[in-house]
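Here's a quick tour of a protein and the molecule it holds. Take a look at the picture first, then we'll go through the parts one by one.

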Amino acid sequence: MITLIKNIQELLQVRETSIDKVSGSEMAILPSIKNAFLIIKDNLIEDFGSMENLPKINADKIIDATGKVILPTWCDSHTHIVYAGNREQEFVDRINGLTYEEIANRGGGILNSAKKLNETSEEEIYEQSKIRLEEVMHLGTGAVEIKSGYGLTVEGELKMLRVIKKLAENYPIAIKATFLGAHAFPTHCKENKGGYIDEIITKMIPEIAQNKLAEYIDVFCESGYFSVEETEKIMQAGIDFGLRPKIHVNQFNSIGGIQAGVKFNALSVDHLEVMNPDDIQALKNTETMPVALPSCSYFLSIPYTPAREMIKAGLPLALATDFNPGSTPSGNMNFVVATACIKMKMTPEEAINAATINGAYAMGLSETHGSITKGKKANLILTKPISSYYQIPYAFGSNLIESVFLEGTILE
Ligand code: NIG
Ligand code: FE
């Protein structure tokens with residue numbers, strides 16, 4: 001099956017040769033072709049270029065994209081979209097003055113979601129989660145990482161990871177699974193934290209690795225959650241079973257989580273709302289991708305990741321949603337890109353790089369996703385007619401997407 005898309009006003013994120021990520025000042029460069037064509041063969045990008053060089057081909061389908069922009073689909077490298085129920089009441093409690101930390105300290109927060117998760121059947125969790133997955137696919141996400149972490153019991157964590165696996169089998173979107181057993185200490189281990197860490201290390205990790213239920217291991221490294229020492233112990237246990245770390249750090253406090261992540265060659269360190277100069281320094285010349293989650297900052301009214309300082313220091317930066325019931329009940333990458341521009345002062349070019357190729361890197365998917373490159377997946381966003389791609393962050397509340405292609409097929 002060959003599809004030709006012609007007269008594309010502008011084709012964005014065009015990379016002739018595959019790159020794995022962009023860093024520092026390169027982030028400001030978003031290569032594009034104006035008045036372009038793109039050819040899709042089956043599920044892959046076959047060819048692209050300027051309309052002047054359109055080859056003679058027999059296409060099965062021709063789409064005229066006059067006035068419209070095409071870019072690769074968003075790569076959302078940090079989500080918790082598998083969960084049960086919601087936490088609307090905590091949202092209202094926060095409006096009325098409680099903080100996220102106060103809610104967690106009285107047994108709400110992650111423990112509230114863990115209780116609901118363990119009380120809900122696997123089938124029901126799948127049904128609830130697939131609605132969110134379908135929603136984000138229609139919002140232009142073509143690859144997504146999903147974490148466990150609301151089970152906090154052997155059975156609960158395995159249940160979540162099986163749901164993630166089933167979503168990956170049933171939907172045409174790349175899904176990467178991350179084991180986040182170390183998301184919080186469950187109620188029954190409040191007085192026996194070491195006991196829970198032992199359970200993670202001796203029961204959960206081996207079982208998950210044996211059944212290939214996750215590729216990555218995550219820890220919520222934060223005051224009141226997992227210390228740096230505990231985080232290192234859990235990362236090492238994961239690495240021993242082939243799980244690469246991707247960890248939650250510096251959301252509320254800078255306690256050394258970034259340095260620990262770098263030491264264990266984490267694929268990414270995520271959140272980074274609170275960053276000191278040493279934290280930025282520690283990330284230089286490493287393979288660890290910093291990931292910012294601006295819609296979490298927005299929803300909790302906490303600081304935004306200091307993107308400008310990080311980019312100035314030569315670092316790469318990825319953007320993701322953090323879609324979860326507590327701190328970010330939204331999986332809209334278009335909003336993330338807009339918020340990064342509006343609140344973090346990233347340019348549209350930097351934000352699009354961060355939400356495509358750098359997001360792909362933070363999921364180990366840069367070879368197949370995140371740019372318009374021959375041989376990569378034909379995962380595309382086709383916009384409605386727009387004056388320029390600046391509209392994407394500028395018209396922040398509008399849905400400018402006309403259609404989404406996943407593996408060469410338009411999502412109905
Ligand atoms: O990334 N910070 C830790 N975990 C999630 C929130 C979890 C929750 O509140 O349910 C996050 O923000
Ligand atoms: Fe998170």
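The protein chain splits into two domains: domain 1 covers 2–72 + 373–410, and domain 2 covers 74–361. Keep in mind that you're looking at a predicted model.

**How the domains meet**

- If you take the centres of domain 1 and domain 2 over their C-alpha atoms, they sit 29 Å apart.
- On the domain 1 side, 29 residues are in contact with 31 residues of domain 2.
- Together, domain 1 and domain 2 bury about 2400 Å² between them, and 68% of that area is on carbon and sulfur atoms.
- How many salt bridges link domain 1 and domain 2? The count is zero.
- Polar contacts do turn up, though: there are ten residue pairs in polar contact across the interface of domain 1 and domain 2.

**The side of domain 1 that touches domain 2**

- Strand 5 (69–72), helix 15 (391–394) and strand 15 (401–406) each bring at least two residues to this side of domain 1.
- Which of these elements gives the most? That's strand 15, with three residues.
- Sort the residues on this side of domain 1 by type and you get 18 nonpolar, five polar and six charged.

**Around ligand 1**

- Ligand 1 is surrounded by 15 residues, and the closest are R87, Y100, Y150, Q251 and S327.
- Y100 has a polar side-chain atom 2.4 Å from an oxygen atom of ligand 1.
- In the side chain of Y150, an N or O atom is 2.6 Å from an oxygen atom of ligand 1.

How values were computed:
Residues are numbered from 1 along each chain as its sequence is written. Chains are lettered from A and ligands numbered from 1 in the order in which they are written. This is a predicted model: local features need pLDDT of at least 70, side-chain atom pairs count only at pLDDT 80 or more; totals for chains, interfaces and linings use all residues. Side-chain values use heavy atoms; hydrogens and water are left out. Domain bounds come from an automatic or database domain assignment. Contact means heavy atoms within 4.5 Å. Buried area is the accessible area (1.4 Å probe) that two parts lose on being put together, summed over both. A salt bridge is a side-chain nitrogen of Lys or Arg within 4 Å of a carboxyl oxygen of Asp or Glu. A polar contact is a pair of N or O atoms within 3.5 Å; within protein, one must be able to donate a hydrogen and the other to accept it, and residues adjacent in sequence count only if both atoms are side-chain atoms. Helices (H or I, at least four residues) and strands (E, at least two) are DSSP runs, numbered from the N terminus. Ala, Val, Leu, Ile, Met, Phe, Trp, Tyr, Cys and Pro count as nonpolar, Asp, Glu, Lys and Arg as charged, and the others, Gly among them, as polar. A residue is near a molecule or strand if one of its heavy atoms lies within 4 Å of it.
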